[in-house]
Amino acid sequence: MQVLDDLLARVAHVRDLKELEDLRLQVLGKKGILTQEFTQLKNLSGQEKAHKAQKLNQFKEAFTQAHAQRKQALQNLELKARLQAEKLDPSLANTHISASLGHPLSYTKDRIIEYFTQLGFKLHLGELVQEEFYNFDALNMPAYHPARAMQDTFYFKDHKLLRTHTSPTQIHAMQTQEPPIKMIGVGPTFRRDYDTTHTPMFSQVEGLVVDSAHKVHFGHLKQVLEDFLHYFFGDIKVRWRSSFFPFTEPSAEVDISCVFCKQEGCKVCKHTGWLEVLGAGCVHPGVFKHAGLKNVSGYAFGLGIERLTMLSCAINDLRSLFETDLRLLEAF
């Protein structure tokens with residue numbers, strides 16, 4: 001029995017939980033010393049068998065108790081060591097923090113707002129839920145217009161919907177303010193779309209300038225937008241193309257020289273050397289009529305914040321802007 005006594009004594013000197021578990025298996029395991037001792041009882045008889053069985057059971061109880069106490073002590077030591085290693089001193093400066101420009105979308109939006117507000121444009125956020133009149137009718141989009149289709153718009157009851165663009169802010173501004181009006185509408189918009197270049201929610205900036213008749217013309221629009229694009233993208237070329245929008249006449253789409261290939265041709269610009277960035281035009285007389293304005297002139301423009309973010313930050317998948325991938329954020 002001296003061997004068992006030695007094993008019992010070893011419990012108090014075990015240094016870690018692994019060593020303690022090895023000792024437990026050595027004693028109590030299926031092939032352990034104690035198991036072998038109990039197996040040999042069949043070779044004994046009478047009082048000698050009973051006496052040895054009693055001693056083995058006493059040892060088993062003592063070993064189990066000593067093992068449990070030592071295990072608890074070792075677990076407490078490991079916990080203390082881990083807490084010490086993970087100790088946080090809030091008074092210490094974190095030298096691993098790097099400066100950040102913020103999320104690319106927020107950074108881009110702030111740059112756009114900063115430019116136009118310095119020119120005197122007033123910021124309007126508007127309501128996300130709009131009536132059909134403000135989102136479509138007042139912008140020359142009749143009931144049969146494809147933009148009003150159920151597959152494109154999130155509709156509610158009572159002719160309400162999630163706005164599909166920020167243009168309703170322009171109608172509200174013209175109905176509640178006397179010209180001259182100089183404003184930008186900024187905020188999220190919603191459409192039923194989702195792929196590498198579209199998401200169900202995206203952000204827009206729409207600008208509007210209204211003054212008395214003949215005071216505002218296309219030349220003013222052209223100057224403001226070309227100055228903005230050079231401010232935002234730097235040394236680029238700007239191209240104007242005739243287009244059609246229900247709420248402006250004449251209408252134009254504005255392109256810039258590809259910021260990736262410098263007009264040498266690449267996949268981003270589809271080897272044309274040009275990238276479309278915004279739409280603009282002079283406000284359609286029908287829009288002024290819906291807003292209740294007479295003898296006025298004006299221009300309007302719209303651009304997507306995600307679009308400008310992707311171009312200026314070289315991001316090729318729009319969905320990555322809305323995912324929690326720290327690798328993208330750390331790049332800024």
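The following exercises, each with a worked solution, concern a predicted model.

Residues are numbered from 1 along each chain as its sequence is written, and side-chain values use heavy atoms, with hydrogens and water left out. In this predicted model, local features need pLDDT of at least 70 and side-chain atom pairs count only at pLDDT 80 or more, whereas totals for chains, interfaces and linings use all residues.

**Exercise 1. Helix H4**

Task: Determine what span helix H4 should have, and state which residues of H4 are buried.

Solution. Step 1: Helices (H or I, at least four residues) and strands (E, at least two) are DSSP runs, numbered from the N terminus. Helix H4 covers residues 46-85, which is 40 residues.

Step 1: The expected span of a helix is 1.5 Å times one less than its number of residues. For H4 this gives 58 Å, and the end C-alpha atoms are 58 Å apart, so the two values agree.

Step 2: Buried means under 20% relative accessible area, exposed over 50%, and partly exposed in between (1.4 Å probe, protein chains only). The buried residues of H4 are Ala53, Leu56, Phe59, Phe63, Ala66, His67 and Leu74.

Step 3: An α-helix has 3.6 residues a turn, so residues three or four places apart point the same way.

Step 4: The cover of these buried residues includes helix H1 (2-10), helix H2 (17-28) and helix H3 (33-39). Contact means heavy atoms within 4.5 Å.

**Exercise 2. Strands E6 and E7**

Task: Describe how strands E6 and E7 are joined.

Solution. Step 1: Two strands pair if DSSP finds at least two bridges between them. Strand E6 (residues 238-245) and strand E7 (residues 248-257) run antiparallel and are joined by 7 bridges.

Step 1: E6 and E7 form a hairpin with 2 residues between them. Phe245 stands opposite Thr248 in E7.

Step 2: Strand E7 also holds Pro250. The peptide bond from Glu249 to Pro250 is cis, with omega near 0°.

**Exercise 3. Backbone exceptions**

Task: Which peptide bond has an omega of about 5°, and where do His214 and His271 lie?

Solution. Step 1: Most residues other than glycine have a negative phi, and most peptide bonds are trans.

Step 1: The bond that joins Pro179 and Pro180 is cis, with omega about 5°. Pro180 is found in the loop between H7 and strand E4 (181-190).

Step 2: His214 has a positive phi near 70°, and His214 lies in the loop between strand E5 (201-212) and helix H8 (218-233). Its relative accessibility is 78%, so His214 counts as exposed.

Step 3: His271 has a positive phi of about 60°, and His271 is found in the loop between E7 and strand E8 (274-283). At 59% relative accessibility, His271 therefore counts as exposed.
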